[in-house]
Amino acid sequence: MAGQVMSQRQVRRFDLFGFLYRWGTIITIGILILFFGIVTRSFLSPGNLINILRSISIVTVIAIGVSLSLAVGGFDLSVGSVASLADAVVVSLFIWYGKGTPVSIIVAIAACLVVGGFNSFLIVKVRIPDLLATLATMFIFQGVAMTYTNGGSITANMMMANGSTAPGKLTAAFNAIGQVPTIILIMIVVVIIVQIFLSSTKHGRYMYVVGGNMEAARLSGIPIGRYRTAAYLISSAFAALGGIMLGSRIGSSQVSAGSAYLMDAVAAAYIGFSLGGSGKPNAVGTFLGAVLIGVLQNGLVIVSVPYYAMDIIKGAVLALALALTYFRKR
Amino acid sequence: MDASKTTLEMQDISISFPGVRALRGVSFRTETGVSHALVGANGAGKSTLMKVLAGAYSDYTGRILIDGREVRIRSPREAKSLGIEVVYQEVDTALVPTLSVGENIMLDLTVNDMGARQVMRWRSLHQQARRILDELHVALDTRLSVGRFSLAEKQMVLIARALSKECRFLILDEPTAPLSHSETEELFRVIRGILRRNIGVIFISHRLPEVIEICERITVLRDGQRVDERRVEDTDTPRIVEMMLGRKFEENFPKRRVPIGDIVFSVTGLSDDAKVRNVDLHVRAGEIVGIAGLVGAGKSELCKALFGASRVRCREALMKGHPYRFRDPHSAVLQGIGLVPEERRKEGILVGESVSTNLTAASLSDFSGALGFLRFGSERRTVREMIERLEIRTPSENQKVGYLSGGNQQKVSVGKWLIADAELYLFDEPTKGVDVGAKRDIFELIGWLAAAGKAIIYASCELAEILGITDRIYVLYDGRVVKELETGRATEEELLFCAMGGN
């Protein structure tokens, strides 16, 4: 009898904590929206809400790639550099070489898949731990992107090395990618596809299994090398997509423009872990993580928090999210 | 050394967790200088009871008394300060592999008793460690790093650590499970020495002959309750098993006679890079072939080699008449082999995933359609059927496997391959750390597989089990097959003789 009473009490306490764990992200977003909506006039205007979605779309797409690397128990630190590389390649093909939209985009993604292939080679074949391998490639491909652009930005009508003006320009189709509503639609499509992939397909399940216990997965006959390789390739592909969206948004290629997205993407992916109590990387959670960061950033700007203080709050939110994930694991 | 005895009493201990069977009003009594066995089926609450005593839980009800006075044990520190020490089964989690034997033995003292002193005194540390080992009559160099030693030696290091401070009660959780016969003898010698020093030993074990050999008193638990406590000499194995199970247990193994068919799998000249050397073997449909050998003979290595999990060479390998290719486990599964590995938690199951995900991990293609989309309905039906057929005790198919008891985890590990439907099943020590009831279920299952015309390789160091359920036996010694025997004509003595390297 005594045992039964105790177990009931325990279940109830467990549930409260579990509830916060599961829905903390959404509750926090709700509270923030309420708060900013009350203290500022402009926050809840449709224009601003769309602005928030637009501002998080690149982070979300890159973060989805990070989530996939996390799903197989890895970590892809190179996504920021890959996004920079994609930005540089796609813009240079338009401006330097005057290529068309499909060619430029395909070449940029292909270049980034080479990076993904190199990542998986180092991790799966050479067996360097994920974090360290992608730390190395992060530097390498940041350098490659910079070397490719001769350490400068690429803009329309820029001066070429031989003194002439750059021949090409960005196409209208490319420019549309970074505009509302296309940029938001791309994000939504990516989130939905990856969410379905992870939760409802054999391959998604296998990725989680590989991430859960690699040796048990191997001895269950799952081709773990193939799934880990796939995860890094997909991660690079999404980073490339993010870089292309970025290039279109800013209409040029800037030095290391993509690296700023690494930290936000990692934060969004980790915040997403807890959604619905899954405790695993997932696309919708990652999206909500990006929303949380975006709402925070946007609202703080409106209430005049200086941009240089923003990272303090972002870091604190990440610490909170990680606390929720790891405190329970103990 | 007839010091006055200290008594330890646990009264009316209760505890519960979500999803795990709890303790209900358990009492336990022992004293120093006595070896006391704690036995029970998996999930009976042995480990939980001892964790309460070791201070691993703070939220139990009931009282703990030492010499009749109530003491407070709600943290490991409080337990240690009362002289209660535990050596858990997983020795590697308690050792720092890169530090020396001496540092590991003296770890608690180094951490807690340095006081204001900041500088290590290496010479005295190694002298103290040496002295503790000498008292146990264990010869280990205290300056070598622990990582290089065997499991049995690491266990000695942990026992030495437990005795580095004033210890009154030493809890050994399944200490003999990973040990070979001679290592077990060595451990018992050390335990007898400890008992003479007026220290109480609490011995958790599944191996009843050992309990009877080393223990004076025995407490039996079942379903979180105490069934009985008595002198070991007043009881015997069948009666203990009966108390554990709550029903009569027939000693004989449920071996089914099934017709033996054609050769399913054969290999000649199989070697791996490390242990397995020039092994020839074959197995027929409906046949259960035993791989007998002591710990370290290379049974696990052989199983993994057959499963493509290690790099191997061979002269010829045939699976159902077609050439068998050793590439990786993935291709082994495609060619019809399934492996139930020895290290359950590390290799066999996914503790963080649901029963359902675990059971279908090797056969997900059967439950997915175009583009790999999962058919959740058919997956759920199959999983529920399997849970029922194997009598896996779980609240639902969505429970995480980490919350199940050892025997039920093993059933999940086996069930995965039943769903995957292989031709050749490799079982590597499937009964390790599993209680008598679950063991019987596993034997029945293997018999059932044989009756269905599957080929089975059963590797174990439990020679009685091998004799009980197999048709034919290969005896492995140091990575080589030294003998092939018909089970019907073999005896346990003969098996042991070959397994120990005799000819």
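Predicted model: local features only at pLDDT ≥ 70, side-chain atom pairs only at ≥ 80, totals over all residues.

Tutor: Let's start with helix 11 (residues 260–272) of chain A and helix 12 (residues 283–302) of chain A: their axes come within 7 Å and cross at roughly 120°. Angles over 145 degrees would count as roughly antiparallel and 65 to 115 as roughly perpendicular, so helix 11 of chain A and helix 12 of chain A are oblique to each other. The crossing of helix 11 of chain A past helix 12 of chain A is right-handed. On the side of helix 11 of chain A, the contact involves Asp264(A), Ala267(A), Ala268(A), Ala269(A), Ile271(A) and Gly272(A). Helix 12 of chain A answers with residues including Gly285(A), Leu288(A), Ala290(A) and Ile293(A). Sort the residues of this contact by type and you get eight nonpolar, four polar and one charged.

Now for another helix in the chain. Helix 8 of chain A has nine of its eleven residues buried, so the rest of the structure largely encloses it. Among those buried residues are Arg205(A), Tyr206(A), Met207(A) and Tyr208(A). What do the buried residues of helix 8 of chain A pack against? Their partners are helix 2 (46–71), helix 7 (182–200), helix 9 and helix 10 (224–250) of chain A, plus helix 13 (355–359) of chain B.

That brings in the other chain: 24 residues of chain A are in contact with 31 residues of chain B. Helix 1 of chain A gives the largest share of chain A's side, seven residues. By type, that side divides into ten nonpolar, ten polar and four charged residues.

Technical notes
Residues numbered from 1 in each chain as written. Chains lettered and ligands numbered in written order. Axes fitted to C-alpha atoms, helices over the stretch in contact; angles between N-to-C directions. Helix = DSSP H or I, 4+ residues; strand = E, 2+ residues; numbered from the N terminus. Parallel < 35°, antiparallel > 145°, perpendicular 65-115°, else oblique. Left-handed = near helix turned anticlockwise from the far one by under 90°. Contact = placed C-beta atoms within 7 Å. Nonpolar A, V, L, I, M, F, W, Y, C, P; charged D, E, K, R; others polar. Buried ≥ 20, exposed ≤ 12 C-beta atoms within 10 Å, placed from the backbone.
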